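Please read this briefing alongside the sequence and the model shown below. It takes a few topics in turn.

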Amino acid sequence: MTGLKADDLSFSYGAHKVLNNVSFDALQPGKLTALIGPNAAGKSTLFRVIAGLLKPDAGKAYLGGTDLDSLSSRARLKRICFMPQFFAANAALTVFDVVMMAHKQLKGWRVTDDDMTAVARALDHAGIGHLSEAYISDLSGGQSQMVSAAQALIRRSDVYLFDEPTSALDLRHQISVLDHIKTAVAARNAIGIVALHDLNLAARFADHLLLVGQGRILAQGAPNDVLRSSAISDTYGVEIEISTGPREDLLVHAYPS
């Protein structure tokens, strides 16, 4: 497998054009990319097109030179794991149950001792082992997001798409979940893309940034380059200043324009 790239992807909901010739250079295995941009910029729609849940009006997405639209639904599901923004599962199931279902989704449904061990380990790594017997209906929004991330990461895929996986989490859990995602992507030599609103989290965890606005990719590259570009201020409609923290990390300061 080589990179994931998009060439002139377009998509509309009726007369409303959401993606307008979206293109980005090949994203490399082992690296985490943050997809940033304001609300309604097209981030979720782009994820759904790449995952095959929406058919583009025009353009192509490629993984290692393979046109993703040429894959069967099962083959595409195996190679691309998509974590949507909103978690949905049968309320009568436990956390252990839903993560087990994700684990067995493409493997058949006979559960072995190894499967039980794998799910227990995944929950512990995600920091939610204590919730294993909790029912989905009893979870908070933040807990649901952590379960959804565990569901995604228990699968072995070439590409992981995470749509705002930290929006309902407090700061400690935001850092924990993103660190877990970044570590897993690197260890598996997979391609990871995470949609984020918090530019400081993007600067801290991402190896690469894609800035989307008005249905297009407006900037792409290393965080230091994208965050210092004029496209950031123009897209968000605020003044942006970048400084360097005590650990040499980038800090993003936003002010009304």
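Is Asp-158 buried, partly exposed or exposed? Asp-158 is partly exposed, with a relative accessible area of 23%, where buried means under 20%, exposed over 50% and partly exposed in between, computed with a 1.4 Å probe on protein chains only. This is a predicted model, in which local features need pLDDT of at least 70 and side-chain atom pairs count only at pLDDT 80 or more, while totals for chains, interfaces and linings use all residues. Residues are numbered from 1 along each chain as its sequence is written, and side-chain values use heavy atoms, with hydrogens and water left out.

**Salt bridges**

- The structure holds six salt bridges, each being a side-chain nitrogen of Lys or Arg within 4 Å of a carboxyl oxygen of Asp or Glu.
- One of them joins Asp-158 to Arg-79, with the closest N and O atoms 2.7 Å apart. Asp-158 lies in the loop between H5 and strand E7 (159-163) and Arg-79 in helix H2 (residues 73-79), so the pair ties together parts that are 79 residues apart in sequence; here helices (H or I, at least four residues) and strands (E, at least two) are DSSP runs, numbered from the N terminus.
- Another joins Lys-182 and Asp-207, whose closest N and O atoms are 3.0 Å apart. This pair links distant parts of the chain, with Lys-182 in helix H6 and Asp-207 in the loop between helix H7 (199-205) and strand E9 (208-213).
- Asp-67 and Lys-60 also meet through their side chains in a salt bridge (3.1 Å, N to O); Asp-67 counts as buried at 18% relative accessibility, whereas Lys-60 is partly exposed at 32%.

**A covered helix**

- Helix H3 (residues 95-104) is mostly covered, with eight of its 10 residues buried.

**A hairpin**

- Strand E11 (residues 238-244) pairs with strand E12 (residues 250-256) in the antiparallel sense over seven bridges, where pairing requires that DSSP finds at least two bridges between two strands.
- Within this pairing, Glu-239 has Tyr-255 of E12 as its bridge partner.
- E11 and E12 form a hairpin with five residues between them, and Glu-248 in the turn has a positive phi of about 65°.
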